[in-house]
Amino acid sequence: MSHFNYSIESYNLNKTYNKNNKIEIKALIDFNLKIPKGSIYGLLGPNGAGKSTFINILGGLVKKDSGKIKICGVDIDKSIKECKKKIGIVPQELNMDPFFTPIELLELQAGLYGVKKKNRKSEEILKNVGLLDQKNAYARTLSGGMRRRLLVAKALVHNPEIIILDEPTAGVDVELRKNLWNYIKNLNSMGTTICLTTHYLEEAENLCDHITIINNGKIIRSDTKKNLLNLIGKKTVSFILEDNFQIPSALNKFNPELVDNKLLVNYDKKMTQLKEIIQILNNNKVNFNEINTYESDLEDVFINLIKNNDK
Ligand code: ADP
Ligand code: MG
């Protein structure tokens, strides 16, 4: 019974935009995704990858061409209303009516979602996002960071099971970014499933427990952060050898390569320390006069995966 385990499921989702009725842009191609209940799930990809298209299809703002989507086990084509109640979307753009105050905006939103007056928690939500002091200020007087938080607050009024954030910290300063991360983690720890898009590797690495890397409308890799980080735990060290151009057999487990006088050794930085490798060289009287290390991080893997995908 898959719907007990997944908050969002997407099967063979396709979306093509027609630009001027001429050029077709394939924004999503056979997009298959399962977002486990209770996770913080990141859709990571460069601009134009198709992230917002996916989010907007979930929110009913963009119409899919084909494929199936389930929200908490419910097919959105069968009950869009029920699905909309389960998700709260924080859009990428900071557009909001400048003449409403935060408290008015939340009350309006609650009305739209049919939340009864006695069940509304507008003040509590504003307090949680740190906007209680501004509750009666016109939205146009709020800073970018405050507007961002107001959008988060708006998405929370109907107490959704899933919060979807489209580039929550794009153009946001470092301190506010950390605050938002903490807030998102908090929401998650209280049981809300989080799905967010980002083009910041650091954000995906800090926040998400599952990451799907997408490019040109296609899923390149979906995995837990842990597995992705293991993929990137590889480190390479190079030694320029002085003489004795040979590879000690004790290094064989590190897939060593000798190119002329340059010895390359690959190791997993979580398992092996550089000094172990140096020790082996010393023990075998292999002298070197230069040493360089190369560390691959999420960015390397990301660039690599995307490069291979573009070919
Ligand atoms: P992302 O959010 O990852 O930056 P988008 O989903 O916004 O990506 O866009 C995916 C692709 O679809 C891009 O090539 C973009 O130019 C195109 N696109 C998005 N929205 C439209 C639209 N309304 N009309 C035509 N093309 C669009
Ligand atoms: Mg986008």
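The protein chain splits into two domains: domain 1 covers 6-229, and domain 2 covers 234-295. Those bounds come from an automatic or database domain assignment. Taken over C-alpha atoms, the domain centres are 46 Å apart.

A word on ground rules. This is a predicted model, where local features need pLDDT of at least 70, side-chain atom pairs count only at pLDDT 80 or more, and totals for chains, interfaces and linings use all residues. Residues are numbered from 1 along each chain as its sequence is written, chains are lettered from A and ligands numbered from 1 in the order in which they are written, and side-chain values use heavy atoms, with hydrogens and water left out.

Now the pockets. A pocket here is an open set of points on a 1 Å grid over the protein atoms alone, where a 1.4 Å probe fits, with protein on both sides within 12 Å along at least five of seven lines. Lining residues have an atom within 4 Å of a point. Volume is the space filled by probe spheres set on the points, and grid points are joined across faces, edges and corners.

The largest pocket has a volume of about 540 Å³. Its lining has 21 residues. Which of them lie nearest the centre? They are G59, L61, I89, P91 and Q109. Four elements each give at least two residues to the lining of the largest pocket: helix 1 (51-58), strand 6 (87-90), helix 3 (102-112) and helix 5 (144-156). When I say helix or strand, I mean DSSP runs, numbered from the N terminus: helices are H or I with at least four residues, strands are E with at least two. By class, the lining of the largest pocket has 9 nonpolar, 8 polar and 4 charged residues. Nonpolar means Ala, Val, Leu, Ile, Met, Phe, Trp, Tyr, Cys and Pro; charged means Asp, Glu, Lys and Arg; the others, Gly among them, are polar.

On to the second largest pocket. Its volume is about 390 Å³. It is lined by 17 residues, with I125, N128, L156, N159 and L187 nearest the centre. Helix 4 (122-128) and helix 6 (174-189) each supply at least two lining residues. The lining of the second largest pocket divides into 9 nonpolar, 6 polar and 2 charged.

Back to helix 1. It is mostly covered, with 6 of its 8 residues buried. Buried means under 20% relative accessible area, exposed means over 50%, and partly exposed is in between, with a 1.4 Å probe and protein chains only. The buried ones are K51, T53, F54, I55, I57 and L58. Just after helix 1, G60 has a positive phi of about 80 degrees.

Next, the rings. How many aromatic pairs does a search of the whole structure find? It finds 2. Rings of Phe, Tyr and Trp (its six-membered ring) pair if their centres lie within 6.5 Å; planes under 30 degrees apart are stacked, over 60 edge-to-face, and the rest tilted. One of the pairs is F31 with F54, a tilted pair, 5.0 Å centre to centre with 45 degrees between the planes. This pair links distant parts of the chain: F31 sits in strand 2 (residues 23-36), F54 in helix 1, 23 residues apart. Both F31 and F54 are buried.

There is also a charge over a ring. R177 lies over the face of Y200, 4.2 Å from the ring centre. The test is NZ of Lys or CZ of Arg within 6 Å of the ring centre and within 35 degrees of the ring normal.

E167 is not a glycine, yet its phi is positive, near 50 degrees. E167 is in the loop between strand 7 (162-166) and helix 6. Is E167 buried or exposed? E167 is buried, because its relative accessible area is 3%. D260, also not a glycine, has a positive phi near 55 degrees. D260 lies in the loop between strand 12 (257-259) and strand 13 (262-268). At 65% relative accessibility, D260 is exposed.

Last, some chain contacts across sequence. S222 is in strand 10 (residues 218-224) and is partly exposed at 36%. S222 and L33 are 189 residues apart in sequence, but 8.3 Å apart in space, C-alpha to C-alpha. N179, in helix 6, is partly exposed at 43%. Its C-alpha is 9.4 Å from that of V129, 50 residues apart along the chain.
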